Amino acid sequence: MGVFYFPRDFVFWTKVKNHENIKKELVNLIDQHKGHKYEILKNGVTSYDREITDDEEDNLILQNHEFLKEIVWNPINEMIDTVTPKMNFDSAYIAKAWYSKYESGGYVKYHAHEGHPKIVDGEVFYATLSLIYVLHDENEKNQTVFTSHVNSVSKDRIFHFETKTEPEITEGSVILFPSSLLHKVDTINKPGRIIISMNIDSSFTNT
């Protein structure tokens, strides 16, 4: 007799300690950059481009590497120490990073950040985590919604996590979640919301 439990989805959040200084630098950089429209982002602009490969991309966000420890790697280490079951990967890198800037009435349709495995220096890397950093937001509540469909032996269930129910998830928050987890952004009331999104690819032993 035995039982095997498959890993569950999760959403983890924390605050960036040096947020005000990072915000000042990155908002100024983004304001000088001309974003473009994208199909799932309504009433807003982004630096995301599906047609440009990771190798070709002149990445506005990743050029500011001095902030990456505080935005990415410190939160990931916190997540690893917190989330159960533990995530144990050998190595990881930022596969893609982009910003999105919202006008009043802006929203994003449901999507996920799944990707194909990549071979880097002989290692296979898989789309593992996605990250949202709320760089600037004057709205009272965060509007990101996560959805997971669970087909169990008892019945089908759809679980929603609306981040607006968590008062702590505001400007300066980093949100981490599996890249395959569906999410959207409900309508933004106050204009000027800026988020930075990233995809983290990881390699694992015995893959």
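Guide: Happy to. Glu-171 and Lys-23 are both buried, where buried means under 20% relative accessible area, exposed over 50%, and partly exposed in between (1.4 Å probe, protein chains only). Before we go on, a word on the source: the model is predicted, so local features need pLDDT of at least 70 and side-chain atom pairs count only at pLDDT 80 or more, while totals for chains, interfaces and linings use all residues. Residues are numbered from 1 along each chain as its sequence is written, and side-chain values use heavy atoms, with hydrogens and water left out.

Back to our pair. Glu-171 and Lys-23 form a salt bridge, with their closest N and O atoms 2.9 Å apart; the term stands for a side-chain nitrogen of Lys or Arg within 4 Å of a carboxyl oxygen of Asp or Glu. Distant parts of the chain are linked here, since Lys-23 sits in helix H1 and Glu-171 in the loop between strand S8 (156-162) and strand S9 (173-178), 148 residues apart. Helices (H or I, at least four residues) and strands (E, at least two) are DSSP runs, numbered from the N terminus.

Side chains of opposite charge can pair when their charged atoms come close. Across the whole structure, a search finds seven salt bridges. One of them joins Lys-17 to Glu-78, at 3.9 Å from N to O. Lys-17 belongs to the loop between strand S1 (12-15) and helix H1 (19-31), and Glu-78 to helix H2 (residues 68-82), so this pair ties together parts 61 residues apart in sequence. Lys-17 is exposed, at a relative accessible area of 74%, whereas Glu-78 is partly exposed, at 29%.

Another salt bridge holds Asp-137 and Arg-193, whose closest N and O atoms are 3.2 Å apart. Asp-137 is in the loop between strand S6 (123-136) and strand S7 (144-151), and Arg-193 is in the loop between S10 and strand S11 (194-203), so the two tie together parts that are 56 residues apart in sequence. Asp-137 counts as buried at 10% relative accessibility, and Arg-193 counts as buried at 1%.

Now for the nonpolar surroundings. The largest nonpolar core has 31 residues, and Ile-71, Val-72, Met-79, Tyr-133 and Met-198 touch the most other members; such a core is a set of buried Ala, Val, Leu, Ile, Met, Phe, Trp, Tyr and Cys residues joined through side-chain atoms within 4.5 Å. H1, H2, S4, S6, S9 and S11 each supply at least two of its residues. H2, the helix that carries Glu-78, gives this core its largest share, five residues. Val-72, apart from neighbours within four places in sequence, is in contact with Ile-94, Leu-131, Met-198 and Ile-200, contact meaning heavy atoms within 4.5 Å. A separate second core has twelve residues, including Leu-41, Tyr-102, Phe-146 and Ile-195.

S10 (residues 182-185) covers one face, with His-183 and Val-185, and leaves Leu-182 and Lys-184 on the uncovered one. Strand S4 (residues 91-111) pairs with S10 in the antiparallel sense over two bridges, and pairing requires that DSSP finds at least two bridges between the strands. There, His-183 in S10 stands opposite His-111.

Thr-147 counts as buried at 11% relative accessibility. Beyond its neighbours within four places in sequence, Thr-147 contacts Tyr-110, Ile-158, Phe-159, His-160, Leu-181 and Leu-182. Its side chain makes polar contacts with the side chain of Tyr-110 at 2.5 Å and with that of His-160 at 2.8 Å. A polar contact is a pair of N or O atoms within 3.5 Å; within protein, one must be able to donate a hydrogen and the other to accept it, and residues adjacent in sequence count only if both atoms are side-chain atoms.

Stepping back, the protein has two helices and eleven strands. Buried residues make up 43% of its 207 residues. Of the contacts with a separation of 6 or more, 82% are between residues 24 or more positions apart.
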